[in-house]
Amino acid sequence: MLAFRNLLRRRIRTLLTVTGVAIGVSIVVALSAIARGFRTQVNDLFSSGRAHLILSRKDAADPILSYLPESLLGELRARDEIAAVEPVVLGATQVPPLAVFIFFGTTRDSPFLEQIRVVEGEGLFATPGTDRVCLGARAARNLGREVGDTLPLGGRELTVVGLFESATPLIDAGALLSLGDAQELAGLEQKITSALVQLRDSNRDALVRAEQELEADYPEIEATPPSEWAAAFDEFDLAEQTATVFTILAICIGGISVMNTMLMSVFERTREIGILQAIGWSRWMVVRQVLAEALLVATVGTPLGIALGVGIVELIGSFQQFSWVAGHYDTTVFLQGIAVGFGMGVVGSIYPAWRAVGITPIEALRYE
Amino acid sequence: MSDDVVLRIEGLRKTYETGRVRALDGIDLVLRRGEFVSIVGPSGSGKSTLLHVLGALDRPDEGSVWLGGQDLVTAERLDRVRARSIGFVFQLHNLVPTLTAVENVELPLYALDVSRAERRRRAEELLVAVGLSERLHHRPSQMSGGQRQRVAIARALVNQPELVLADEPTGDLDQETGRHVLELLERLREERGLTLVLVTHDMAVAERADRTIRLIDGRIASS
Ligand SMILES: Nc1ncnc2c1ncn2[C@@H]1O[C@H](COP(=O)(O)OP(=O)(O)O)[C@@H](O)[C@H]1O
Ligand SMILES: [Mg+2]
């Protein structure tokens with residue numbers, strides 16, 4: 001009650017502090033949701049298809065930097081446990097106005113094609129030929145292209161033969177090319193970036209065994225189930241670690257802002273705090289007051305910040321450049337937001353509470 | 001110690017600034033239940049310091065203080081003593097400005113194990129007793145100085161203390177208002193059998209007490 005009244009007494013200051021908490025929370029929520037969203041999308045890239053394992057280069061930092069020799073495919077197909085192998089070339093290039101444009105080089109029988117649904121024109125392999133491209137719906141929108149238009153890509157003029165949709169924004173905002181075209185565009189002659197492996201026997205044991213055997217026979221290869229593919233690349237960990245660093249930073253910076261408010265609040269109530277102690281309030285009760293005030297700020301600021309963070313992600317995703325951005329909101333994201341909000345409250349009230357406890361009633365009574 | 005002794009002080013000394021200021025310099029005092037004692041003396045003579053020691057706000061450097069059966073020199077939790085046994089009325093500005101009259105009066109009860117309903121009941125009862133039944137939900141800023149001191153008196157009594165201490169409670173009020181506040185305090189003392197110690201510089205007021213203690217330079221000059 002007292003905490004509530006104190007906050008109302010200094011409305012502007014309270015508003016600023018709540019805003020500070022909300023901004024801190026929103027940044028962390030947005031960063032974390034985007035980082036997780038990216039990881040989820042990468043895990044989704046090949047998950048809904050028939051692929052059981054994805055092979056990539058062991059030490060690759062990024063899926064597009066994972067170079068494997070195309071000759072590997074033949075060797076793999078010869079193995080008993082493997083039913084089929086399809087190559088993938090993942091690449092990124094610039095297509096004005098987009099700074100990053102992702103393309104997927106694929107084969108006609110690739111399980112990857114199960115990730116897309118042609119909605120206009122025809123499929124990439126419906127008619128034989130080169131220099132054909134299918135655009136995701138977002139890509140078509142961002143680039144202003146329709147079926148029949150041309151698209152300059154890496155010095156070549158490709159013809160848009162079809163539009164597709166995909167549930168994964170990363171695919172939906174990209175393009176589909178034949179493997180050969182993609183290799184040329186990416187400068188990867190005789191190379192691929194990953195291979196999608198279908199096993200004859202796909203039970204859990206067989207999967208683990210195949211994973212181990214492949215990695216043993218090809219030390220440069222990392223084999224991962226599609227739904228864990230992102231784990232093969234450190235950069236996704238890095239993105240989430242960055243979010244964690246920001247979480248800590250936000251708690252510190254926001255904590256200082258809360259602390260500033262609480263300190264002012266404690267100082268201007270020196271006499272009041274002294275009087276409360278004089279009429280029997282214990283130090284712990286005084287500490288609780290300060291904590292309650294900070295936690296009240298956190299309680300209001302945190303949900304606002306979470307809402308703001310979701311809004312930021314949506315806003316970013318609405319820009320052409322970032323149409324592949326999709327926030328992934330799991331409990332961890334919200335817990336992170338809550339931790340930041342309340343972390344700020346707690347960090348910000350420790351020192352003020354200590355100062356409040358240091359006020360002795362005698363001194364406070366002499367203080368005018 | 002006989003039953004009706006509320007407070008006993010012996011050889012009380014208190015110095016400030018590492019001994020240079022002798023605020024209290026050997027005080028002996030016994031207060032009996034229901035007694036009304038006034039303390040007078042020039043400014044700086046140690047009146048407030050004495051009241052603070054009586055009220056478990058401060059510990060002496062030397063001497064003993066017994067309140068009820070309790071030794072206040074060694075008591076670990078003076079805040080508990082204050083919460084249970086002491087009622088304070090200070091000069092002006094001792095209410096919490098953001099709280100209403102009734103909320104201010106409830107404050108001491110948060111330190112005790114009193115239910116919410118009981119808190120409200122006692123606070124309202126006392127505000128009625130001090131004649132503020134019409135002002136229960138006013139904030140201090142919406143009340144006159146005299147009304148605020150009545151709230152402070154109600155707050156001092158709400159924990160049913162053994163000892164009520166008032167440090168120049170009318171110091172910031174005009175004479176007329178001050179007199180009304182003191183009359184109220186006296187009336188409550190009679191009705192409720194309070195043990196009351198009142199610091200004042202108003203001799204007329206002081207003389208209405210059962211006993212007047214005159215302090216000079218931290219010593220009792222006469223009583
Ligand atoms: N906290 C303190 N620090 C230093 N000196 C103090 C303190 N409290 C009181 N004194 C000194 O002790 C003496 C008695 O003060 P006080 O009890 O307030 O007198 P009174 O209430 O009679 O005016 C004064 O000289 C005063 O300056
Ligand atoms: Mg004084």
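**Exercise 1.** Determine which residue lies over the face of Tyr110(B), and at what distance from the ring centre.

*Solution.* A charge sits over a ring if NZ of Lys or CZ of Arg is within 6 Å of the ring centre and within 35 degrees of the ring normal. Arg119(B) lies over the face of Tyr110(B), 4.0 Å from the ring centre.

The model is predicted: local features need pLDDT of at least 70, side-chain atom pairs count only at pLDDT 80 or more, and totals for chains, interfaces and linings use all residues. Residues are numbered from 1 along each chain as its sequence is written, chains are lettered from A and ligands numbered from 1 in the order in which they are written, and side-chain values use heavy atoms, with hydrogens and water left out.

**Exercise 2.** Describe how H8(A) and H11(A) pack.

*Solution.* Two packed helices are described by the angle between their axes and the distance between the axes.

1. Helices (H or I, at least four residues) and strands (E, at least two) are DSSP runs, numbered from the N terminus. H8 covers residues 234–268 of chain A and H11 residues 331–358 of chain A.
2. Axes are lines fitted to C-alpha atoms, for helices over the stretch in contact, with angles from 0 to 180 degrees between N-to-C directions. The two axes come within 7 Å and cross at roughly 35 degrees.
3. With contact meaning heavy atoms within 4.5 Å, the residues that meet include Gly254(A) and Val258(A) in H8(A), and Gly343(A) and Tyr351(A) in H11(A).
4. The residues of this contact divide into 15 nonpolar, 8 polar and 1 charged. Here Ala, Val, Leu, Ile, Met, Phe, Trp, Tyr, Cys and Pro count as nonpolar, Asp, Glu, Lys and Arg as charged, and the others, Gly among them, as polar.

**Exercise 3.** State how many residues of helix H9 of chain A are buried, and what follows H9(A).

*Solution.* Buried means under 20% relative accessible area, exposed over 50%, and partly exposed in between (1.4 Å probe, protein chains only). In H9 (residues 270–278), 9 of the 9 residues are buried, so the helix is largely enclosed by the rest of the structure. Arg271(A) and Glu272(A) are among them. Gly280(A) follows H9(A), with a positive phi near 115 degrees.

**Exercise 4.** Decide whether Gln190(A) and Glu168(B) are buried or exposed.

*Solution.*

1. Gln190(A) lies in the loop between helix H6 (179–186) and strand E10 (191–192) of chain A. Its phi is positive, near 65 degrees, and its relative accessible area of 58% makes it exposed.
2. Glu168(B) lies in the loop between strand E7 (163–167) and helix H6 (175–192) of chain B. Its phi is positive, about 45 degrees, and at 14% relative accessibility Glu168(B) counts as buried.
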